[in-house]
Amino acid sequence: MPPQRRYICSFCARPFSRSEHKARHERSHTKEKPFHCHQCESSFVRRDLLQRHLRTVHAKDKLHLQKQVYHKEETAAAATTVAQVPQREVVAENFNYKDIFHYNDQTNVISLLTLSKRFESIPSPSSKSSSIFLTWATISNNKLPIVSNDQLGSMSSDSNLLYALLAFGSIDLENNLDCIHFIQKSWGLILKQQFDHDQIIQALTIIAYIYLEHYHSLKNTQADLIPIEIIMDYLDQNIMKCLSSSSNCLFNYWFVFNILSKFSFQYNKSPAKCHSIFLTKKISNHSNCSLSSFLQNLSISSNSFPKAEANDLDSLLSQEIIIYALANELQSIRFNTPNEYHSREVLHNSIIMVNKAFNSSSQTSHSSLVEISKKSLLLNCPLKFQDLLTDYITPPTLSIHWFLLQITLREFNMEYNPTCLSHLHQLSSQQATITLTNYLNNLRIGKIVNNLGITGFVVLFLGFLKIPINDELQNSIDFKIFIVENFMILIKIIEGFEINNGSRVNEWDNPIIQCLNYIISEMGVTNSSSSSSFEQPTMEMVTNLKKNLELNFKNWLHLLKFNEIWQIDDISNSIFDHHSIISPLGSHVNSPNSNNYIIDHHDQYSKSFSHQMYRGGSMSSVGSNSGYNNENIGMEKIKLPPINVLKQNAANVGNNNGRIVSSLPVDRFNW
């Protein structure tokens, strides 16, 4: 019997029977050459190639041959690579976090109360200004710490920053009309000072953050809104001026970079113009490497990704910067604009490396149900799946980790723009059925790589457990798109097997596909996995996979509260049973220019406004570009009850509106 090929390439999912073969193969992706010649600058992927080089090129130095051969350790190789990457000039920012307002400082609380008293006469449709200031102060430290102590004491009634702060506090109090009122006041003052970028950059940043996080809810008020494209374009222009000037930084400008990068990704636009400038900047005061250097190193080793402690805001921000930079690089490739990576393969490697760094450093404890379910899944699975499942089933606990998963899926499905799904929450059941069916019918799946496992494993795992998600994710349109897009791809893959009438297809041999099928079979109601099911698909097994996947899909629709606006059973039946499949799996490549799917994230409502109306006629037009080792204990002979049995036993404890209520503590993830 041939040995199991349990070692899976991190980049292309190719399986190997020996770990050293996998490591050697992965160097073909990263272009890493850890074997260096001491007599010249040549480097090689394998030791034997270096030895041959020494015998042929440096034959005169045979006496010193053995001293020339060495193999650097992985961390040392990564450090050498860092030194080899050309360094751009780095401009150090003169900025100190101690200057920023912190609400937990007693002195600052007193100054805040003084500020509230001074501006209590400012008219507000719904809330007192003192309540709004207090709300801003309590959340600004964690969300957008960009206002200094000195600025709070020197603000006047005609300050654009004053009304931006009031808008920030109002939106957190869910007073949308108040927020719009204060944004319009701040915007009018910004236009009066548009030639002094230092005076308007903070207010602009706050307004842009509010728009990015709450634009759809603000539009529901039917009030006149400044189009989000105008706000972001103006912010892009002014931050470029700030970065080019010799004056000191008013705050950490990387917050602006993150806002603009997230906007470009979510609204399917080309990256902001300031991206090229930020590439030359240091990402923190504790590092001498520029953002460009970090991106180059990431394609070779995950060790260059910064480690973050729970309360270390600087390192957490550094992680966010790198992830948002990857989003920019992805959009640059989509829109064929200048970028740092120059190829999709290098970008793919970097995305995989960041996911690897996140998963390996995750030390957050999850609920008992999650831990027990994962261990049971690992104990029951074939040996060849354990490494993949251990690495990839790591439920995110940070919003930036979820955003990384969105980038990972988008890079896999790059040829399609899923923003056509952005209005699902506004559609009726019939309209949603048509939209999802059209998307699914036109979807083409290319080569199955690790991206799909990184995103799909977590989505399926959490969907079967039906653990409630927090309000932030529940209300996030982009998170909903990410979940739905995952299921559209999985449905297409499984039905690709169905079209082939259960015959053996090349994709079935893919380890990612086999792991997905194992999770669906093992955790679903209908258990169809067996020792032979991973060798040859049958029609019965494909049918059971579809039933379990449909169950998972319905679970997620309930978690996302789509059941409040849709008839979920009708939509699910239409998608899984009645839509027309155009072609089998992997037969075509998507067209990036497909008119049906390259759709702007914003609707016609925002397009109806004149750009000149909101920029005082002085700005240029907005661009249209838009686990476990079981070898010694015979673990393969142990068979625990399937997870669905565990869930059924837990269901005996109680039932709440059809949802399983487990005796195990089911915590809400701090997502």
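1. A polar atom of the Asn339 side chain lies 3.1 Å from the backbone oxygen of Thr337, and the backbone nitrogen of Tyr341 is 3.2 Å from a polar atom of that side chain. A polar contact here is a pair of N or O atoms within 3.5 Å, where, within protein, one must be able to donate a hydrogen and the other to accept it, and where residues adjacent in sequence count only if both atoms are side-chain atoms.

2. This is a predicted model, in which local features need pLDDT of at least 70 and side-chain atom pairs count only at pLDDT 80 or more, while totals for chains, interfaces and linings use all residues. Residues are numbered from 1 along each chain as its sequence is written, and side-chain values use heavy atoms, with hydrogens and water left out.

3. Asn339 sits in the loop between helix 15 (313-334) and helix 16 (344-361), helices being DSSP runs of H or I with at least four residues, and strands runs of E with at least two, numbered from the N terminus. Leaving aside neighbours within four places in sequence, Asn339 is in contact (heavy atoms within 4.5 Å) with Glu329, Ser332 and Ile333.

4. The protein has 29 helices and six strands, and 56% of its 671 residues count as buried, a term that means under 20% relative accessible area, with exposed over 50% and partly exposed in between (1.4 Å probe, protein chains only).

5. Asp236, in helix 11 (residues 228-244), deserves a look: Asp236 is buried yet has no salt bridge, and Lys273, the nearest side chain of opposite charge, is 4.6 Å away. A salt bridge would need a side-chain nitrogen of Lys or Arg within 4 Å of a carboxyl oxygen of Asp or Glu. Not counting residues up to four places away in sequence, Asp236 touches Leu260, Ala272, Lys273 and Cys274.

6. Most residues other than glycine have a negative phi. Lys466, in the loop between helix 21 (450-465) and helix 22 (471-474), has a positive phi of about 55°, and Lys561, in the loop between helix 25 (539-559) and helix 26 (568-578), has a phi near 65°.

Methods
Lys and Arg count as positive and Asp and Glu as negative; His and the chain ends are not counted.
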